Amino acid sequence: MANDITDLVPSKNDSFTFNIGYKHIESGKGKADELRNLVQNSMNGIISFNSTGYKYFITEQPRPYEVVIFFTAPNCNFCDQLISEYVNAAQIYYENNAHYPYQEDNKKLRAVFFGIMSFQESVKDVFIDLEFKSVPNILVSIPKHAVYSEEEKGNFLKIYKWQISGSDGHVTMHKLLEYINNRTGRNVEYKVTNINIIIGLTIFVCLMILTIIVFKTFKSFFLNTKMWFIVSCVIYFFCIAGFIYNIIHNVPLTQIDQKGQFQWIMDNQRMQLGAEGFVASGSILFAALTIIFWHYISKLNFDTNTVKMCYISVFGLTFLLVLVVEDIYKKKGCQLTHKILHMYSEGPNNARISIAITRQLNQLKQKSPDGIHIIINDTDIFDIQADVKGPVGTPYENGTFRCKLILPQDFPLSSPKGFFHTKIFHPNISDKGEICVNTLKKDWNPQNWSFYNIFEVIKCLLVIPFPESALNEEAAKQFMENYDEYFKYAKLMTQLYGKPRLNNEDNYEQNNKNEQKQKQNIKNYSQEDKQNNERRKWLNRI
């Protein structure tokens, strides 16, 4: 199955095109039949919804059916990883004829359909209404969705909306089926086909025959107790060291810490390096082997003094190995918070954090997020600025906006503050340029931070504003009540202010003159716009 989301989502030719108009179907049965036609004509049975189709099939009565919708966005790698699992879950539902209503005794179940909606300007109102703050999301829309009140909205979304994140772990087809089953009342399960059973049994029989042949050929080798002892030790060594886990998760043997020093053990109970696993496993294994060796010392044909020295040496070696293991577990058990407080107690000018910042800036210099140009100040690494290009399809398109990160004294325990030097009209950016985004507030993680991620989130904020947590009330109000006016004014501000700033301090005067000129243009525009509005009102009265 293809991994590219465009291969899995119905094309414009295959999907139902709502923009060109369609016959309004009064009966719920007629709408359900139309959805079944869309399932048959679309790729993989996934219906592609736009805002008009969403309103007609989801939020308008009658609708005696349920629709599962996968909400995604362009260039979302996490979404691309989940789409194949979602399509598999949909196929299993359709194979069980779940797109038809089911009734048996007192049990009555509605038909279930599967759709997808990708974020774009035309469907932004849907994402805002469902209170999506990120993608991907799963929504199980039941008929009540079309009639719930504003007071019931919060509880409805809490039950039927799944905002998928990294904390959910690996979201498999089985997890999706379980989530959808719990909300549709169905009990659709993945059933292994007869062909798969036959293939599995054939492979199992072949492996058994091969095992018997190998055992008979090398019978004396497999019956050797010393060989099994050695093999057991090797297996124990690699299992305790977490060898397989390290391979699966690409865990490095060693690393360079934030001080720029070599590190083979991590002061964290939840994480480890490959080397510390091998050292701990090897120490435990050799300590056990020394204890076993005690039994054979008395059988050595040595004099009494030599035997005593052997006992002392072996006991000393066992004791040292136990100390090594104990020391590793002590380091793993220490509290990381204390380490962080000690490491960053001197604020951002601390040498350790300076090294970490320098490393991150060098990485940004080599590879920065698309549409973001990092400005490196060679004389002050704490002067962190970037030019952000306005995303295509937004009122900020063709604009360039200078933003800056200010690090607090207790960074990274406290998050940096983001500011836009370039004037911008945006719900989550104040008149003074302050940025409101969760990554720099409640979602800040002092153990796992990166400037790359911060600037990427700031750019995404220009694509998807969140008027619920507004710093610019006027912009938020326009965004929610009159998007066209918001778009028009934000675009004007971009044309007037969103120009590349001059980096050289000698050009400060020129920058200042440009800003004064831009302010005058805004003032003139506001007066002219006010006059035009008065003229329109006068003409309307006539």
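Glycine 242 comes after helix H10 and has a positive phi, near 70 degrees. Helices here are DSSP runs of H or I with at least four residues, strands are runs of E with at least two, and both are numbered from the N terminus. This is a predicted model, in which local features need pLDDT of at least 70 and side-chain atom pairs count only at pLDDT 80 or more, while totals for chains, interfaces and linings use all residues. Residues are numbered from 1 along each chain as its sequence is written, and side-chain values use heavy atoms, with hydrogens and water left out.

Helix H10 covers residues 225-240. The expected span of a helix is 1.5 Å times one less than its number of residues. For the 16 residues of H10 this gives 22 Å, and the end C-alpha atoms are 22 Å apart, so the two values agree. At the start of H10, a side-chain oxygen of asparagine 224 comes to within 2.9 Å of the backbone nitrogen of lysine 226.

UniProt, in an unreviewed entry, places the feature "transmembrane region" at residues 195-215, 227-248, 278-297 and 309-329. UniProt positions are given in the numbering used here, feature names are shortened, and annotations may be inferred rather than shown by experiment. Over residues 278-297 the chain is 100% helix and 0% strand, with end C-alpha atoms 28 Å apart. Residues 309-329 are likewise 100% helix and 0% strand, and there the end C-alpha atoms are 30 Å apart.

Next comes the surface. Ile195, Ile199, Ile203, Leu207, Leu210, Val214, Phe218 and Phe221 form a nonpolar patch there, with about 770 Å² of accessible area together. Such a patch joins nonpolar side chains (Val, Leu, Ile, Met, Phe, Trp, Tyr) within 5 Å, like charges being joined within 9 Å instead, and its residues have over 30% relative accessible area and no salt bridge. A salt bridge is a side-chain nitrogen of Lys or Arg within 4 Å of a carboxyl oxygen of Asp or Glu. Accessible areas come from the Shrake-Rupley method with a 1.4 Å probe, and for residues only the protein chains shown count as cover. Helix H8 (residues 194-217) gives the largest share of the patch, 6 residues. An α-helix has 3.6 residues a turn, so residues three or four places apart point the same way. Isoleucine 195 lies in H8 and counts as exposed because its relative accessible area is 59%; the cut-offs are under 20% for buried, over 50% for exposed, and partly exposed in between (1.4 Å probe, protein chains only).

Other residues sit under more cover. Threonine 184, in helix H7 (residues 173-184), is buried, with a relative accessible area of 6%. The side chain of threonine 184 makes a polar contact with that of tyrosine 93 at 3.1 Å. A polar contact is a pair of N or O atoms within 3.5 Å; within protein, one must be able to donate a hydrogen and the other to accept it, and residues adjacent in sequence count only if both atoms are side-chain atoms. Cys436 is listed by UniProt as "active site", in an unreviewed entry. Cysteine 436 lies in the loop between strand E13 (417-420) and helix H16 (451-463) and is buried, at 13% relative accessible area.

One runs from glutamine 61 to proline 62, with omega near 0 degrees. Another joins valine 135 and proline 136, where omega is about 5 degrees.
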